[in-house]
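Hello,

Here is the structure I promised to pass on to you.

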Amino acid sequence: MNDRDMSGSISVELSKWTRREFRERMAGGSVQAALLPVAAIEQHLEHLAMEHDWRSTHWVACRVAERLAPRVVVAPACMVGVSEHHMKHPGTLTLQPGTFLNVLADLIDSLVRAGFDHVLVLNGHGGNIAPVEGTWEQFLRMFPVNLHFLSYWDVLTKEDAQEVLEGGSDALPGHAQEFETSLALAHFPENVRKAALADQLDTSPSLASEEKGRVLGERIVTRVAEYVRDMIEGRRTVETPPFFP
Ligand SMILES: [Zn+2]
């Protein structure tokens, strides 16, 4: 296989390209933005595969890049995140906050050195938010490009949650509950052990449905794509924070 899928279109994943393909696409100006998905590999209750955060974030990133093709490429980034709070459940993998931030900085640096002016770190795990928020200003000083951080569920509103989820806005994003389980049922159902859905202490995952996952998945992809389009077209920019005089 080359880097084209069966339909003949170019893969949206940077890792599938050769160096020549990358060079030519960057030089030709067809590729304008990079998405860096960051997530977690951690317990997701009894019924959902531990890859959920990575799988969902990578799924959103690839669908967004397809919508905006050929302008956006996905750089498979950080499957594992900051998950110390889930380590009671063996099998969870975690990075220390400092390690996670170092890896993130190195990945952004690689993309900036490759020539990207627009980079979106697309997050799919709650535990990554606090370390990033606490240091983001420093990232913006280190990398003077149009750099953004967005948790993919943040494009959904309270109203979306109230309309689609029985748990309302409290269910967004939740952990392996109605929202995440619905996304999995709609887009990677092999990750859901249906027999275990209601057979556990927390039975809220049994409120999930494929239909809810389809509706919310579509809204997420549409709105993240708008977010990235706004970045590329200059409607969403970032100002470098001031340096000490
Ligand atoms: Zn999750």
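To start with a term: I call a residue buried if 20 or more other C-beta atoms lie within 10 Å of its own, exposed if 12 or fewer do, and partly exposed in between, with the C-beta atoms placed from the backbone. By that count, buried residues make up 40% of the 245 residues in the protein chain.

Two notes on the source. Please keep in mind that this is a predicted model, in which local features need pLDDT of at least 70 and side-chain atom pairs count only at pLDDT 80 or more, while totals for chains, interfaces and linings use all residues. Residues are numbered from 1 along each chain as its sequence is written.

**Overall build**

The protein chain has 7 helices and 4 strands, where helices (H or I, at least four residues) and strands (E, at least two) are DSSP runs numbered from the N terminus. Along the sequence they follow the pattern α-β-α-β-α-β-α-β-α-α-α. The radius of gyration is 18 Å, close to the 18 Å that the globule rule gives for 245 residues, so the protein chain is as compact as a globular protein of that length. That radius is taken over C-alpha atoms, and the rule is 2.2 Å times the number of residues to the power 0.38. Along the principal axes, the C-alpha atoms fill a box of roughly 55 × 50 × 35 Å.

For contacts, I ask that the C-beta atoms of two residues, placed from the backbone, lie within 7 Å. Of the contacts in the protein chain with a separation of 6 or more, 74% are between residues 24 or more positions apart.

**The sheet**

The 4 strands form an open sheet in the order β2-β1-β3-β4, with parallel pairing; two strands pair if DSSP finds at least two bridges between them. β2 (72-74) and β4 stand at the edges with a single partner strand each, so one side of each has no neighbour in the sheet. From one strand to the next the twist averages 20 degrees. Angles here run from 0 to 180 degrees between N-to-C directions, and axes are lines fitted to C-alpha atoms, for helices over the stretch in contact.

Strand β1 (residues 33-38) pairs with β2 over 3 bridges in the parallel sense, and L35 stands opposite V74 in β2. Strand β3 (residues 118-123) is joined to strand β4 (residues 146-151) by 6 bridges, again parallel; here L122 has L150 in β4 as its bridge partner.

With helix α4 (residues 129-142) between them, β3 and β4 make a right-handed β-α-β unit. Right-handed here says that, with the strands pointing away from the viewer, the path from the first strand over the helix to the second runs clockwise. Helix α3 (residues 97-113) lies across β1, β3 and β4 and runs at about 165 degrees to β1. α4 also packs on the sheet, touching β3 and β4, and its direction makes about 170 degrees with that of β4.

Which residues does G127 touch beyond its neighbours within four places in sequence? They are A40, G81, V82, S83 and H85. G127 sits in the loop between β3 and α4 and is buried, with 21 other C-beta atoms within 10 Å. Its C-alpha atom is separated by 8.2 Å from that of H85, 42 residues apart along the chain.

There are cis peptide bonds to look at too. One runs from A69 to P70, with omega near 0 degrees, and P70 is in the loop between α2 (52-67) and β2. Another joins L172 and P173, with omega about -5 degrees; P173 is in the loop between α5 (158-164) and α6 (178-187).

That loop between α5 and α6 also holds A176, which has a positive phi of about 65 degrees although it is not a glycine. A176 counts as buried, with 26 C-beta neighbours inside 10 Å. L45, in the loop between β1 and α2, also has a positive phi, near 60 degrees, and is buried with 20 other C-beta atoms within 10 Å.

**Helix α7**

The 23 residues of helix α7 (residues 210-232) should span 33 Å at 1.5 Å a residue, and its end C-alpha atoms are 32 Å apart, which agrees. The expected span is 1.5 Å times one less than the number of residues. Buried residues in α7 include L216, I220, V224 and V228. After α7 comes G234, with a positive phi near 85 degrees.

Best wishes
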